[in-house]
Amino acid sequence: MSWIQKLYETYEQCKGREPPGSERLMAIGHTPQQAHIEITLDADGNFKGARIIQKEETVIPATEKSAGRTGKAPPPHPLCDKVQYCAADYPYPGYGGGKPSFFKEYEEQLSKWCESEFSHPKAKAVLAYVRKGCVVTDLVREKILHIDSVGKLLTRWTSENQAPDLFRLLTAKAGERDQGDAFIRWHVWEANNPCTAVWEDPSLQEAWAKFDASTKRLMGICMVTGEDVALAMSHPKRIRHAGDGAKLISANDSSGYTFRGRFTDDTGLQACGIGYEITQKAHNALRWLIHRQAYRNEEQVIVTWAVSGKPVPDPFRDSLSLFLGAEETVQAAIENVLPDSGDTGQAFALRLKKAIAGYRAQLDPTEGIVVMGLDSATPGRMAITFYRELLGSEFLNRIQAWHEKYAWPQNFGKDSRFVGAPAPRDIAEAAFSTRIGERGELRVDDKLRKATVERLLPCIVDGRTLPRDLVNSVVHRASNRIGLKYWEWEKFLGIACSLFKGFFNKREYQMTLETDRTSRDYLYGRLLAIAEYIEDRALYVGGEARDTTATKLMQRFADRPASTWRTIELALIPSKSRLRAKRPHFLYAVEKLLDEVVSSFVEEDFLDDRKLSGEFLLGYHCQRQALNLSKADSAASNEKISAE
């Protein structure tokens, strides 16, 4: 139960000390709910107006049972609820209704609260209004609810006119929408209280929490704190979002043989007895953390936090998002750290250490850090798929190691060029994306993305080695340019180089061209880049726009380099002839470089036609970078050639 304990400690340390701009931690005895209708009352419970709201998430008072309600006769919430709970005139002769009214249970529960020592003026105003039995009548008059010609509430909108807002907000069941499912929240005008919204009034939330606590009767030992406290019979849902019905802890077997022979009752308390206040605070803290800083992929959620609430680096961000900032380019970052250096790797390392040092200054070395993954296979059950507790220093060391180990120049588009490690989401896309849909966009199957992220998580948090098959998949994808747009291939190429470099970290690959590295695969990658550069320049001089031979044969070159190089070399003859006539000095320099690379091969390596490893992508990428001069350098070079 350590995860509940950590979440409970987080709630205790962060409640009332939430970071600026962050939403407040939810009070115990409350639950989030999407509201559709907002009714305004005065302090005496007189109707003042109503309006439709666009499914805004609202924190409402809730009982232990209503917070996780399901079934045909779910228990009511104590204050804000659906029309069928709040309206005594639903269903009403003349209006009709798709479901029975639960007003009696709602009114009884609200009355008990208002008659207790923990009553609140806003709750009393709501009670006074609903007892008048005119909620549906008022909402129909305000054109919030809609009736047909005989006075029955509509379940279908058949008019040619645009459907009302409420019909667009409610979920259809078998093609029908029950207006009784519309959820109501309240505004109450109160003297000397500028806060009219019941869901934002701290005094009302405190009053309900005290009343709710006074109703608890089941006492026992809490397995989290070890104290004799009021135990929870039901645990909260709506953890990941307001419509989330999955629970982390549930026990509802009242028949069959699930618990017999092991326990003496069906409550589940003998297996998992947790204090009501403890589980409420723990789940509220988890809900707050997820909304604030979690990685999300459909139903999969992974959240990282410090128990103290201090900021921590997100392990699921790439280096640009995490350290450099969305508006700062990598060149600006390098200049800030190392103005006069051309060593990209050193500049990135210094920038990374500076960013990590910022977190170290805020986090104590022994600070508790938790990484927790959640997912649900069914709508009602949620599982913890990953859980780690680390010290602050240990967590920061592993994040720094991940970004250093897998750092490589990345090109994700015009405004996303940086040096660093890619995000797990991008790695999954590079490995397994397929082109689907009419627009032909690259997409990854949600289940495959989930599985990939779960495999990458231990590599980041625990420092484990990347799965070899994942590295091979990305390398293979980057080697096959056919079917990829140019910017997509550029992105996958950078990711492939990043993963291969990190996987073979002991080889100490550099992010700049290594002219002294003479391994077969690296040299073949350099050859491919030079051949592409020669033909590309010749096409530019001739005013042609087409793929080079090196581009077309890249996949074949990766499988059979020696034999394919002969084909590429022969295809360069027309390009060389054109450059010899129009750019002789350029051709001389490039041919000299080509000869230097070929002469670096050991003879048997150059003739070896075995498949290349991902190392050839490193040589190709680095040689490409070295050949692609900046605009200023290129202009200066052309001026020099013209002068000669």
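Which residues is Gly 494 in contact with, leaving aside its neighbours within four places in sequence? They are Trp 408, Pro 409 and Gln 410. Contact here means heavy atoms within 4.5 Å.

This is a predicted model, where local features need pLDDT of at least 70, side-chain atom pairs count only at pLDDT 80 or more, and totals for chains, interfaces and linings use all residues. Residues are numbered from 1 along each chain as its sequence is written, and side-chain values use heavy atoms, with hydrogens and water left out.

## The whole protein

The protein has 25 helices and 14 strands. Both are DSSP runs, numbered from the N terminus: helices are H or I with at least four residues, strands are E with at least two. Of the 644 residues, 52% are buried. Buried means under 20% relative accessible area, exposed means over 50%, and partly exposed lies in between (1.4 Å probe, protein chains only).

The accessible surface comes to about 30,500 Å². Carbon and sulfur atoms hold 49% of that surface. The areas come from the Shrake-Rupley method with a 1.4 Å probe; for residues, only the protein chains shown count as cover.

Now take the contacts between residues at least 6 apart in sequence. Of these, 68% join residues at least 24 apart.

Helix α1 covers residues 2–14, and helix α8 covers residues 276–293. Their axes come within 8 Å and cross at roughly 80°. Axes are lines fitted to C-alpha atoms, for helices over the stretch in contact, and angles run from 0 to 180 degrees between N-to-C directions. The two helices are therefore roughly perpendicular to each other. That label covers 65 to 115 degrees; under 35 is roughly parallel, over 145 roughly antiparallel, and the rest oblique.

From α1, the residues in this contact include Ile 4, Leu 7 and Tyr 8. From α8, they include Ile 278, Ala 282 and Trp 288. The residues of the contact divide into eleven nonpolar, two polar and two charged. Here Ala, Val, Leu, Ile, Met, Phe, Trp, Tyr, Cys and Pro count as nonpolar, Asp, Glu, Lys and Arg as charged, and the others, Gly among them, as polar.

## Nonpolar cores

A nonpolar core is a set of buried Ala, Val, Leu, Ile, Met, Phe, Trp, Tyr and Cys residues joined through side-chain atoms within 4.5 Å. The largest one has 92 residues. Leu 466 and Leu 617 have the most contacts inside it. Helix α17 (residues 520–541) gives the most to this core, with twelve residues. A second, separate core has 51 residues, including Tyr 85, Val 140, Leu 169 and Ile 184.

Beyond four places in sequence, its contacts include Val 475, Leu 493, Cys 497 and Met 554. Gly 494 is 123 residues from Leu 617 in sequence, yet their C-alpha atoms are 9.1 Å apart. Gly 494 lies in helix α16 (residues 486–503).

## Single residues

The table gives the accessibility of some residues.

| Residue | Relative accessibility | Class |
|---|---|---|
| Gly 494 | 1% | buried |
| Ser 433 | 4% | buried |
| Gln 400 | 13% | buried |
| Lys 405 | 24% | partly exposed |
| Glu 298 | 56% | exposed |

Ser 433 lies in the loop between α13 (424–432) and β13 (434–436). Ser 433 and Arg 443 are ten residues apart in sequence and 5.0 Å apart from C-alpha to C-alpha. Arg 443 is also one of the residues that Ser 433 touches, and Arg 477 and Phe 492 are among the others.

Helix α12 (residues 392–405) holds Gln 400. Beyond four places in sequence, Gln 400 touches Leu 352, Lys 353, Ile 356 and Arg 360. With the same exclusion, Lys 405 is in contact with Lys 501, Gly 502 and Asn 505.

Most residues other than glycine have a negative phi. Arg 238 has a positive phi of about 55°, and so does Glu 298, also at about 55°. Arg 238 is in the loop between β6 (228–230) and α8, whereas Glu 298 is in the loop between β7 (295–297) and β8 (300–306). Arg 238 is buried, with a relative accessible area of 9%.
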